[in-house]
Structure formats: C-alpha cells, structure tokens
Amino acid sequence: MGRATREAYGEALLELGKTNRDVVAIDADLAKSTFSWTFGKEFPERFFNIGIQEANMVGVASGLASSGKIPFISSFAAFVLCKGFDQLRMGAAYPQLNVKVAGSHGGISIGEDGVSQQSVEDVALACALPGFVVCIPADEYAMRGAVHAAAAHHGPVYLRLGRPKAPIVHESTVRFEFGKAIQLRDGDALTIAANGLLVAEALLAAEELSGRGIEARVLDVHTVKPIDRAAIERASRETGAFVVAEEHMHHGGLGSAVAQALSMGTPAPVEYVDLGDRYAESGKPGDLMKKYGMTAEQIVGAAERVLRRK
Amino acid sequence: MAAAPATVSHTDLEQVARTLRRHIVRMIAAANSGHPGGSLSAVEIVTALYFGGVLRHDPTRPDWPDRDRFILSKGHGVPALYAALAERGYFPTDELMTLRQVDSRMQGHPVQGVTPGIEASTGSLGQGLSIGIGHALAARLDRRAFHTWVLMGDGECQEGQVWEAAMTAGNYELSSLTAIVDSNRFQLDGTVEEINSLAPLGEKFAAFKWHVVECDGHDLSALLDAFADARVPRDRPTCIIAHTVKGKGVTFMENNNEFHGKAPTREQLAVALAQLA
C-alpha cells in the first residue's frame with residue numbers, strides 16, 4: 001500500500017516550492033488534512049491559512065495569480081468546489097488564471113465523516129468550468145507528476161486528492177502528462193478505463209478476468225478534461241467494449257467524458273461502475289466502497305455485461 | 001517612467017466628471033441596455049482616482065507590474081470605468097459606443113484580459129475585495145509598492161464574501177489595500193435600508209480592524225483627501241465610505257431607482273445631455 005494522494009500532494013508542493021519562488025499555497029483551515037501544511041511549515045511567508053472561508057480563498061488566489069503568483073489552494077473537494085464555485089467561475093475559469101485547486105477527500109472512501117464531507121460531484125463541477133484541466137491521480141507517483149504538471153501548465157487546474165492510503169499502480173518514474181491516459185495492462189477483449197482508487201480495483205478485476213481467459217486493457221484515465229480521445233479511440237477499435245470505473249456520481253465524471261469521446265469516434269458499448277445518482281453514508285471506507293458498488297467485483301460484473309453487448 | 005499621474009485643477013476635474021457622465025448616458029442609450037444609476041454615482045470617485053493624480057498607472061503599459069490596481073467590484077457600474085479608461089487613453093473613446101455589442105471589448109460587465117485596464121472579471125457581486133487581497137499579498141511578497149483599490153457598492157456589502165475578505169484584510173494588516181464603498185443607498189429592488197440594512201457600515205468595518213473614513217462621494221476635494229489618507233502607512237486597510245446619489249447629474253435619474261438597470265430613451269438622452277452640457 002502506498003501513501004494517500006493527499007500526503008503525496010503536500011510533499012510534491014514542498015518540492016515545487018524549493019525551486020519555484022512564485023508558488024504560494026492557501027488553505028481554509030484544513031491544512032493538516034490536505035497536507036498543504038507540509039509546504040506551509042517550510043515556507044510560512046508563502047503560505048496563507050485563511051480560515052474557514054472557501055469563497056474568499058478562491059478570490060484571493062485570483063488576485064495572487066493576476067499579480068504573477070502560482071497559487072495552489074486546498075480544502076476538502078466538497079467545500080472548495082461547492083462554496084467556491086462562483087469565485088472559480090469568475091476568478092479562475094473566465095479569465096483563465098493560473099489558479100491550481102486541490103480538492104482533498106474526494107469520493108466516499110473518506111469513510112466515517114459521512115455525506116457532508118464526501119465529494120461525489122466535484123469532477124462534474126470542475127469539468128463545468130471552461131478551460132480547467134481536471135485530474136484525478138491514482139497513486140502517490142501520479143500525484144507527484146500531477147502537481148509538477150499543474151505548475152508547468154499555464155491556466156486553471158483541478159486536482160482531486162484522496163484521504164485513504166492508495167495502492168501503488170504506477171512506477172515511481174511514471175511519465176505523467178495531462179490528457180494522456182496511461183496504459184497499465186494490455187488486452188483485446190475490453191477496456192477498463194478508470195481513475196483514482198478505482199485504477200487499483202480495475203487491475204484486480206483484470207487479473208480475475210484473465211483467469212477466465214478474458215484479457216482486459218486497463219487505462220488510467222487520470223485526466224477527465226481534456227480527455228484522451230486518441231487513447232479511447234484506439235481502445236475502442238482494438239477492444240470494442242468499455243467499463244468505466246470511478247469514485248464519483250454517475251453524471252458528469254469520467255463515464256460521461258468517455259461516452260462523449262466514443263460517440264464522436266468509434267462507438268462501443270459501455271458499462272459503468274460508479275456511485276450512481278445518489279449520496280452514500282458514514283461507514284468504514286472498505287464497507288462503503290463495497291455497499292455502493294465500486295470494487296473489483298463490480299468491475300468484473302460490468303465486464304461480463306458489456307461483453308454480452310459486444 | 002511614463003507613469004507620472006496627470007494632475008489637473010478642480011475645475012478641470014469637474015469638467016472631466018461631466019465628460020464621463022456624457023459618455024455614460026450616451027453609451028448606455030446606444031446599447032439600449034446597462035446600469036446608469038450606479039455608473040453615475042461612481043463618477044467622482046473614478047474621476048479623482050484616474051485624473052486627480054491618485055492612481056499610479058501607465059495607460060501604455062496596462063500590465064506594468066508596479067501599477068496600482070483598481071478593481072471595480074460593483075461590475076455593473078463599468079460604463080463609468082470604461083469612460084475613464086478611454087479618456088486616459090487605454091483605448092479610443094469611439095469604442096465606448098460599442099458597449100454590449102457582439103465583438104466589442106466593452107462587455108456588459110468588466111472582463112479581465114479583454115479590455116485594457118480592467119483588472120478583474122466582476123459582475124457577480126462580492127468578489128472584488130478578495131481579489132484585492134490577493135494583489136496586496138503579492139505586493140507584500142514581492143516587496144512592490146503598489147496600492148490596491150477596490151470599489152464596491154453598498155448593496156454589494158450584503159454579500160457574505162465581503163465580510164470574509166474584510167476579516168482577512170484586517171487581520172493581515174493590509175495597509176496597501178483600500179476599499180471604497182459607493183454608498184448610493186439603493187439596490188435593485190429598493191433601498192438598502194429597507195431590504196437588508198448595513199447600518200452602521202463604518203462601525204462594521206472598524207470592528208473588522210479597518211481604518212474608516214466617510215466623505216461626500218461627489219466632493220472631489222473630500223475624495224482626494226480621503227485617498228491621500230488611505231495611502232498613509234498604518235497597521236490596517238482603509239475603507240472609504242463615499243456617500244453618493246444614485247443617478248447623480250441627471251435630474252430625472254437622481255434617486256430614481258427606475259434607472260438602476262434601464263437605458264434612457266432617445267428623448268431622455270437629449271435631456272440628460274443638455275443637463276450635462
């Protein structure tokens with residue numbers, strides 16, 4: 001088991017801060033949970049804990065970016081996107097400013113705190129901001145790559161961070177580029193496109209399917225926007241069926257993006273593994289993922305269904 | 001450095017204010033759309049800043065890193081700012097008459113990156129003060145001496161984000177940040193007093209650790225004094241509550257909230273221009 005992507009975020013930000021003096025960080029009183037404190041304790045003059053004010057935090061980032069800084073702002077995904085949405089719209093998306101948003105505690109795998117803290121709509125909301133890059137790294141190595149890619153990219157970026165420890169799915173030297181899906185396993189029977197914690201589940205599912213003689217291609221589609229249309233088109237031509245797996249509600253996330261890409265290229269049947277159109281509840285992370293249907297087992301079931309439609 | 005501010009006499013400033021008002025009513029009439037009331041109330045504030053030697057800026061270099069920032073948080077008042085920017089040479093005055101038309105840089109509300117001299121995209125009320133804090137923090141980090149000015153409406157101060165920002169700016173002791181409230185006493189649906197009173201507004205800002213000054217927002221001398229006072233280094237940001245008249249300068253628009261968001265007719269425009277001659 002690797003580290004949580006939120007922990008990797010803090011370390012990557014610290015690393016970035018050592019070489020780029022324009023990088024500043026703001027948090028809204030969750031710095032020890034989002035791990036922005038890893039940066040903050042090293043660079044107190046470039047770190048602003050603005051208190052419990054997500055809307056103001058986004059506006060302040062807008063001003064900092066307008067005056068040449070590269071602000072990384074962090075909070076729980078549910079708070080920064082829901083409470084800061086208008087500010088992200090007017091102050092980051094519309095003027096295409098260099099604002100980097102880190103939404104921690106994405107998905108329901110945060111567990112016991114329950115629905116108020118579980119972000120299941122953040123990817124849809126971020127995708128609804130024109131010009132935003134929207135990225136959900138699967139493990140600590142992908143997160144490190146994503147933070148550096150965010151700093152190198154001129155424009156607004158949304159990164160989703162996870163609370164629990166994330167299984168390692170990538171090499172430590174993974175080449176990470178926004179908008180470029182990473183193939184983790186090849187196969188020709190179907191493609192499993194996943195991101196975040198569901199990438200590890202996809203690999204387990206592919207192993208299980210392989211035991212039954214079904215070879216699945218597994219793509220880590222970490223960037224939902226811009227979606228990697230080329231990789232999806234290639235997978236569609238070469239495998240002809242898809243399962244999309246993500247820790248998000250059914251609408252507006254990776255599933256929607258993959259379906260849109262397929263409809264514009266070579267269509268193929270798709271089955272979806274996601275939360276559906278609902279909220280979850282309190283519970284242990286593993287119990288929740290199982291109850292709400294986002295496990296390798298569900299992916300295997302979806303694969304069987306989609307193969308019957310092929 | 002071409003950034004030396006233009007300083008003109010008070011008589012000239014009054015003439016500038018009249019010119020800006022003429023632009024405002026003409027451009028809104030041409031667009032047959034816009035917000036005359038809250039544009040006209042802000043004219044002396046904008047005139048003093050841009051023509052009274054207050055703002056350090058250079059119209060030939062809108063992205064000069066050391067320029068003062070002026071953020072129009074009450075974005076619906078942008079005709080007043082467009083008129084001032086055009087008169088200061090940021091773009092040709094002819095362009096004013098394209099307000100709110102397709103392909104125009106004179107968008108209905110301010111758009112950063114589109115119109116030279118516009119520092120923030122606003123129009124969704126309550127956001128400018130937060131953005132101003134960002135600029136002021138950047139100035140502090142980079143040890144730059146520029147000042148950041150944010151113009152808000154009084155009705156706008158009903159937005160919760162204004163008070164998030166007020167709390168933060170006070171606690172961060174942002175001496176280089178000044179909020180100006182164009183207090184014309186009206187909002188779209190009626191008076192601020194009857195809808196959701198802000199009183200006592202000055203005491204609220206003072207309680208949030210701001211230096212507070214109140215003045216007549218149409219008295220150019222009083223405004224220039226207040227702006228000079230705002231530049232005095234102290235351990236807190238300054239809030240200038242400028243008491244104004246909505247629709248100021250056109251008799252039938254003054255304190256007539258019908259002209260919050262309605263353009264004058266051709267006949268009304270003729271009367272207005274005669275009054276502003």
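Me: Let me start with one pair of strands: in which sense do β3 and β7 of chain B pair, and over how many bridges?

Reply: Strands of a sheet pair through backbone hydrogen bonds, either parallel or antiparallel. In this predicted model, β3 (residues 177-183) and β7 (residues 238-243) of chain B pair in the parallel sense over six bridges. Two strands count as paired if DSSP finds at least two bridges between them. The elements themselves are DSSP runs numbered from the N terminus: helices are H or I with at least four residues, strands are E with at least two. Within this pair, I180(B) stands opposite I240(B) of β7(B).

Me: Before we go on, how are residues and chains labelled, and which pLDDT limits apply to this model?

Reply: Residues are numbered from 1 along each chain as its sequence is written, while chains are lettered from A and ligands numbered from 1 in the order in which they are written. As this is a predicted model, local features need pLDDT of at least 70 and side-chain atom pairs count only at pLDDT 80 or more, whereas totals for chains, interfaces and linings use all residues.

Me: How confident is the predictor, then, in chain B and in the complex?

Reply: pLDDT is the predictor's confidence in each residue, from 0 to 100. Chain B has a mean pLDDT of 96, with 97% of its residues at 70 or more. In residues 1-5 of chain B, however, the pLDDT is below 50, and this stretch has nine contacts in the model beyond near neighbours in sequence. Where pLDDT is low, the predicted coordinates should not be read in detail. For the complex, the predictor gives an ipTM of 0.96 and a pTM of 0.97.

Me: In what order do the strands of the open sheet in chain B run, and which helices lie across them?

Reply: Five strands of chain B form this open sheet, in the order β1-β2-β3-β7-β6 with parallel pairing. At the edges stand β1 (69-72) and β6 (211-216) of chain B; each has a single partner strand, so one side of each is left without a neighbour in the sheet. On average, neighbouring strands are turned by 20 degrees against each other, direction ignored.

Axes here are lines fitted to C-alpha atoms, for helices over the stretch in contact, and angles run from 0 to 180 degrees between N-to-C directions. Helix α5 (residues 128-142) of chain B lies across β1, β2 (148-153) and β3, at about 175 degrees to β2(B). Helix α9 (residues 220-231) of chain B lies across β3, β6 and β7, at about 170 degrees to β6(B).

Me: Which parts of chain B touch chain A?

Reply: Two residues are in contact if their C-beta atoms, placed from the backbone, lie within 7 Å. By that rule, 20 residues from chain B and 22 residues from chain A take part. On the chain B side, α5 and α6 (160-171) each supply at least two residues, and α5(B) gives the most, with nine residues. This side divides into six nonpolar, 12 polar and two charged residues; Ala, Val, Leu, Ile, Met, Phe, Trp, Tyr, Cys and Pro count as nonpolar, Asp, Glu, Lys and Arg as charged, and the others, Gly among them, as polar.

Me: Turning to chain A, are the residues of strand β8 buried or exposed?

Reply: A residue is buried if 20 or more other C-beta atoms lie within 10 Å of its own, exposed if 12 or fewer, and partly exposed in between, with C-beta atoms placed from the backbone. Five of the five residues of β8 (residues 190-194) of chain A are buried, so this strand is largely enclosed by the rest of the structure. Both faces are covered, with L190(A), I192(A) and A194(A) on one side and T191(A) and A193(A) on the other.

Me: What sheet does β8(A) belong to?

Reply: An open one of five strands in chain A, ordered β7-β9-β8-β11-β12, with mixed pairing. Five bridges join β8(A) to β9 (residues 216-220) of chain A in parallel, and L190(A) stands opposite A216(A). By contrast, β7(A) and β9(A) run antiparallel, joined by three bridges, with R185(A) opposite V218(A). Helix α10 (residues 229-239) of chain A packs on the sheet, touching β8 and β9, and makes about 175 degrees with β9(A).
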